[in-house]
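Subject: Structure for your review

Dear colleague,

Please find below the structure I am handing over to you, followed by an account of what was found in it. I would be grateful if you read the account with the coordinates open.

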Amino acid sequence: SADNPLNVTGEVDGVFFAGGFGDDYIKNAGALVEKKHSGVKVKIQSIQKVQEQLQPRFVAGTPPDVIDNSGAGMIPMADLVAEDQLLDLAPLMAAPSWDTSGKTFGETLFPGSQTSAIFGGKQYGINIAYTISGLWYSKPAFEKAGYTYPATWDKMLELCEQIKKEGKASPWTYQGKYPYYIWGIVWNMLVYYAGGDDVIKKIDNLEPNAWSDPAVKRATEDLYQLWDKGYIMAGTAGLTHTESQTEWLKGKAICIPCGNWLENEMKDITPADFNMTVANIPGYADGKGDQKAVNANGGETYIVPAKGKNTAGGMEYLRALLSKESAKYFAENVRAIMPVTGGTEGAKLSEGMKAGVALADASKGVTINFNVTNWYSAISKEIEQRTGELMTGVIKPDEFIANMQKKADEVAKDPDVKKFTR
């Protein structure tokens, strides 16, 4: 029927990662499903370690109907695709939108927001958050100190030197135990700003010597300067995401890279006058990439296991979750954006969210698409390890590049690894 295009019945078994976004929005979407469909019950379980807790269910052939596969302990999407564990979500994409008349579910989603969950031309996941990432700082503290946000990386290093000499705080900190924050928010943007999308495409496509491109070398050397010149807060490498963010909120560091889940994740301990805001990673005046491009993409990937008992229920949950009504709730209560057209209409936005939306607007839709870490779990693990080593001086930029090229070549030559291109 029009109200139930996927013919959902019975109980929907949902297991969800409860991280920076919390789980209130998850429960809200479950309530929408139950309200629309009499007799349908959405079971919600919130967890932290997705792979550790759900891998046994996949092995046993009894996975949940819908999963938020996110967090540091998520199951690599490429592995699930290779093992035929995920449902092709074409029926969901073609189903009518929950509350946008005349549009399909897929047509209501931001263009490009679902790219990272496409493998071999098939949609195997839905990114429910439009993550805008950048460098965060306290706007009042920045202005009080007389700082001007730098337009280029060279100016950023100059500002870092000034802050270091003042000795009141460290210029930077980051989520030390999880280096994917800094390579996924800072390093990849520097590569793009230096060399444009062509360089990233070569890396994604596992082309020979892709990691030797001058743009990769420049970005890696520039990121390394933060460590080499003493601009990283002491002890950062041993801190979790919330621990480093807590130190930042205490004023121990001026800048921290993060996505726009930061506001909600730290809302309980954020000082009332902190007024956090976000800006783009400073680029290069002579770079080939669009200097207004924003690090914005679909994230927080939800999946429907192919062997779930109620796959129709899993898809229907996602249809409700990515509705305008749900997106407005998400914007106001989670302080983050869903990639849903009209999802922030009438919503009261925080200052951080306003800044993020302004970055996205200024980019005119130009974002980066870095897929190699989504497609190949071995490369994802390698780049996280090597970034951690780079940011603690264990290896130098040339060693980082050589290690990454070696791993990319191994994956390219491995006949058992399914390859993807763009």
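A residue is called buried under 20% relative accessible area, exposed over 50%, and partly exposed in between. Arginine 335, with a relative accessibility of 31%, therefore counts as partly exposed. Please bear in mind throughout that this is a predicted model.

Backbone and exposed positions

Arginine 335 is located in the loop between H13 and helix H14 (351-363). Its phi is near 60 degrees, a positive value in a residue other than glycine. Asparagine 7 is likewise a residue other than glycine with a positive phi, near 60 degrees. Asparagine 7 belongs to the segment before strand E1 (11-17), and its relative accessibility of 57% makes it exposed.

Proline 208 is exposed too, at 67% relative accessibility. The loop that holds proline 208 runs between helix H8 (197-204) and helix H9 (214-228).

Aromatic pairs

Ring pairs are counted when the ring centres lie within 6.5 Å, and by this rule there are 24 aromatic pairs. One of them joins tyrosine 25 and phenylalanine 330, with 4.9 Å from centre to centre and 70 degrees between the planes, an edge-to-face arrangement. Tyrosine 25 is part of helix H1 (residues 24-36) and phenylalanine 330 part of helix H13 (residues 324-333), so this pair ties together parts that are 305 residues apart in sequence. Both tyrosine 25 and phenylalanine 330 are buried.

A further pair is formed by tyrosine 376 and phenylalanine 420; the ring centres are 6.4 Å apart and the planes stand at 40 degrees, so the pair is tilted. Tyrosine 376 lies in the loop between helix H15 (372-375) and helix H16 (377-390), while phenylalanine 420 lies in the segment after helix H17 (397-413), so parts that are 44 residues apart in sequence are tied together. Tyrosine 376 is buried at 2% relative accessibility, and phenylalanine 420 is buried at 8%. Together with Phe119 and Trp375, Tyr376 and Phe420 form one aromatic cluster.

Threonine 373 is found in helix H15. With a relative accessible area of 13%, threonine 373 is buried. Setting aside residues up to four places away in sequence, threonine 373 touches Trp183, Ser380 and Ile383.

Two charged side chains are placed over aromatic rings. The charged end of lysine 36 sits over the ring of tryptophan 98, at 4.6 Å from the ring centre. Arginine 218 lies over the face of tyrosine 284, and here the distance to the ring centre is 3.8 Å.

The nonpolar core

Which residues touch the most other members of the largest nonpolar core? They are Trp172, Trp187 and Tyr317, in a core of 138 residues. Helix H7 (residues 180-195) gives the most to this core, contributing twelve residues. Tyrosine 317 touches Phe16, Ile26, Ala29, Gly30, Val33, Val42, Val66 and Tyr302, when residues up to four places away in sequence are not counted.

Proline 257, in strand E8, has 0% relative accessibility and so counts as buried. Leaving aside neighbours within four places in sequence, the residues in contact with proline 257 include Trp172, Tyr181, Ile182, Ile185 and Val186. The C-alpha atoms of proline 257 and valine 186 are separated by 7.2 Å, although the two residues are 71 residues apart along the chain.

The second largest pocket

The second largest pocket has a volume of about 450 Å³. Its lining comprises 21 residues, and those closest to the centre of the pocket are Ser138, Ala141, Phe142, Gly251 and Ile254. Two or more lining residues come from each of strand E6 (126-138), helix H5 (139-144), helix H6 (153-166), helix H10 (241-249) and strand E8 (253-259). H5 supplies the largest share of this lining, four residues.

Yours sincerely

Terms used:
Residues numbered from 1 in each chain as written. Predicted model: local features only at pLDDT ≥ 70, side-chain atom pairs only at ≥ 80, totals over all residues. Heavy atoms only, no water. Phe/Tyr/Trp six-rings, centres within 6.5 Å; stacked < 30°, edge-to-face > 60°. Buried < 20%, exposed > 50% of the residue type's maximum accessible area, 1.4 Å probe, protein only. Lys NZ or Arg CZ within 6 Å of the ring centre and 35° of its normal. Core = buried A, V, L, I, M, F, W, Y, C linked by side-chain atoms within 4.5 Å. Contact = heavy atoms within 4.5 Å. 1 Å grid on protein atoms, 1.4 Å probe; cavity = no way out; pocket = protein on both sides within 12 Å on 5 of 7 lines; lining within 4 Å. Points joined across faces, edges and corners; volume = space filled by probe spheres on them.
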